Amino acid sequence: MKTELLQLGAGQDAAIYRRAGELLREGSLVVIPTETVYGLAASIEREGALRSIYEVKGRPSDNPLIVHIAEPGMAARVAREVPKAAEALFKRFWPGPLTVVLPKRPEVSPIVSGGLDTVALRCPSSAAAREIIRAAGVPLAAPSANRSGRPSPTRAEHLREELAGRVPLIVDGGPCAVGVESTVVSLCGARPRLLRPGAVTLSQLRELLGPVDVDEAVTGELAAGSTVSAPGMKYRHYAPACPMTLYRGARAASVMKSELARLIGEGKKVGVICFDGEETLFPGAEVRSIGPRENHLVQAQRIFAVLRELDCGLDRILSVTPDPDGVGLAVYNRMLKAAGHDLRQTEEEEA
Ligand code: TXA
Ligand code: MG
């Protein structure tokens with residue numbers, strides 16, 4: 001298949017949106033920009049297209065897709081019920097990087113929901129994403145536009161690596177502003193539950209909703225412990241090809257430094273992920289900074305690009321971890337998954 005790559009911002013945007021909408025209505029896949037990461041989009045009314053999302057990504061068919069809508073009013077087309085708490089979330093955080101899981105209308109294809117009776121909904125703040133949804137005239141199911149297990153694409157050059165030759169159209173909207181996938185919160189249980197951390201933070205959700213439970217998969221406390229409860233926890237996501245180890249705590253950089261010396265002594269090729277200003281501590285390594293230690297927004301923008309850059313024939317990657325609070329929790333969560341939960345505590349933290 002020949003892949004057309006169309007770049008927004010060169011005076012042709014309206015025509016690009018029309019073209020994308022037309023392909024989506026016909027049942028083709030289109031890669032679309034959003035503020036979080038690029039999405040591999042299909043009309044929720046085209047079962048053939050929905051199936052090919054799973055094929056193209058190599059995604060297990062029980063992992064459900066997020067439905068993207070152009071305005072909050074479209075939620076009722078997909079959700080059977082929109083409770084008060086959902087209305088409040090929409091009002092405060094939409095359009096934006098928040099996905100809300102709600103009871104599903106029975107007519108929405110089970111391919112979207114991976115067979116569940118719930119559906120995940122998101123109204124992106126990316127104007128391009130919303131224009132494309134409007135042009136298609138139908139909500140769009142869109143997972144991140146990476147092959148399953150790989151880092152999510154946040155820049156147009158990542159998309160060529162992932163999907164060239166596999167989709168008819170890639171819409172290039174430049175680098176994604178947020179850089180990590182949306183926060184996912186479920187309103188289908190007794191209490192709201194955070195399923196995936198993102199740029200809308202846990203404390204923002206709690207401020208609005210009151211108590212919010214946190215799924216075990218978010219912090220990885222379980223996996224760091226050692227028993228694996230959910231099958232999904234076994235698999236690495238966002239992963240470079242070589243093993244990656246995370247270091248946490250006050251002495252992270254110095255422990256990494258001595259580990260690096262040991263590995264180089266064994267003739268290993270080593271990658272290091274550090275914070276700004278630490279680059280020179282790691283001579284002999286392929287070094288990338290994810291940004292200033294305190295700036296979680298910059299870290300979120302860079303994390304997936306850094307993981308991709310370090311997917312370059314190394315034997316090992318050693319990485320610092322951001323404090324898991326605010327947007328830092330989202331970056332920390334993606335790093336844990338990339339490292340298959342291999343996390344070393346370098347010093348007890350103060351209680
Ligand atoms: O930022 C994002 O959300 C991006 C962009 C493209 O919008 N999309 C994205 O989709 O990250 P994906 O497929 O990579 O991640 C969807 C997440 C998965 O963890 C999936 O298990 C969860 O949302 N999910 C989807 N539907 C669900 C449901 N009905 N119940 C619980 N979790 C659900
Ligand atoms: Mg994904």
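Tutor: Ala, Val, Leu, Ile, Met, Phe, Trp, Tyr, Cys and Pro count as nonpolar, Asp, Glu, Lys and Arg as charged, and the others, Gly among them, as polar. This is a predicted model, in which local features need pLDDT of at least 70 and side-chain atom pairs pLDDT 80 or more, while totals for chains, interfaces and linings use all residues. Residues are numbered from 1 along each chain as its sequence is written, chains are lettered from A and ligands numbered from 1 in the order written, and side-chain values use heavy atoms, without hydrogens and water.

Student: How many nonpolar, polar and charged residues does the shell around ligand 1 have?

Tutor: A residue belongs to the shell if one of its heavy atoms lies within 4 Å of the molecule. For ligand 1 the shell divides into twelve nonpolar, seven polar and four charged residues. Altogether 23 residues surround ligand 1, and the closest are Thr36, Arg59, Asn63, His68 and Ser182.

Student: Which elements each supply at least two residues of that shell?

Tutor: Strands here are DSSP runs (E, at least two residues) and helices are runs of H or I (at least four), numbered from the N terminus. Strand S4 (66–68), strand S6 (118–122) and strand S10 (193–196) each supply at least two residues of the shell around ligand 1. The largest share, four residues, comes from S6.

Student: What are the distances from an oxygen atom of ligand 1 to the side chains of Thr36, Asn63 and Ser182?

Tutor: Look for polar contacts, pairs of N or O atoms within 3.5 Å. An N or O atom in the side chain of Ser182 is 2.5 Å from an oxygen atom of ligand 1. For the side chain of Thr36 the distance is 2.6 Å, and for that of Asn63 it is 2.8 Å.

Student: How much of the accessible area of ligand 1 does the protein cover?

Tutor: On its own, ligand 1 has 680 Å² of accessible area, and the protein covers 87% of it. The areas come from the Shrake-Rupley method with a 1.4 Å probe.

Student: What is the strand order in the open sheet of eleven strands?

Tutor: Strands of a sheet pair through backbone hydrogen bonds, parallel or antiparallel. Two strands count as paired if DSSP finds at least two bridges between them. In this open sheet the order is S1-S8-S2-S3-S7-S4-S6-S5-S9-S10-S11, with mixed pairing. Strand S1 (4–7) and strand S11 (213–214) are the edge strands, each pairing on one side only.

Student: In which sense do strands S2 and S8 pair?

Tutor: Strand S2 (residues 30–32) and strand S8 (residues 169–172) are parallel, with two bridges between them. Val30 stands opposite Leu169 in S8.

Student: Are S9 and S10 parallel or antiparallel?

Tutor: Strand S9 (residues 183–186) runs antiparallel to S10, and three bridges join them. Val184 stands opposite Arg196 in S10. The two strands form a hairpin with six residues between them. S10 also pairs with S11, in the parallel sense and over two bridges; there Leu194 has Val214 of S11 as its bridge partner.

Student: Which residues does a cis peptide bond join?

Tutor: Trp94 and Pro95 are joined by the cis peptide bond, with omega about -10°. Pro95 sits in the loop between helix H3 (84–93) and strand S5 (98–103).

Student: What is the phi of His341?

Tutor: Phi of His341 is near 65°, a positive value in a residue other than glycine. His341 belongs to the loop between helix H12 (328–338) and strand S16 (343–345).

Note on methods: Polar contact = N/O pair within 3.5 Å; in protein donor to acceptor, adjacent residues only side chain to side chain.
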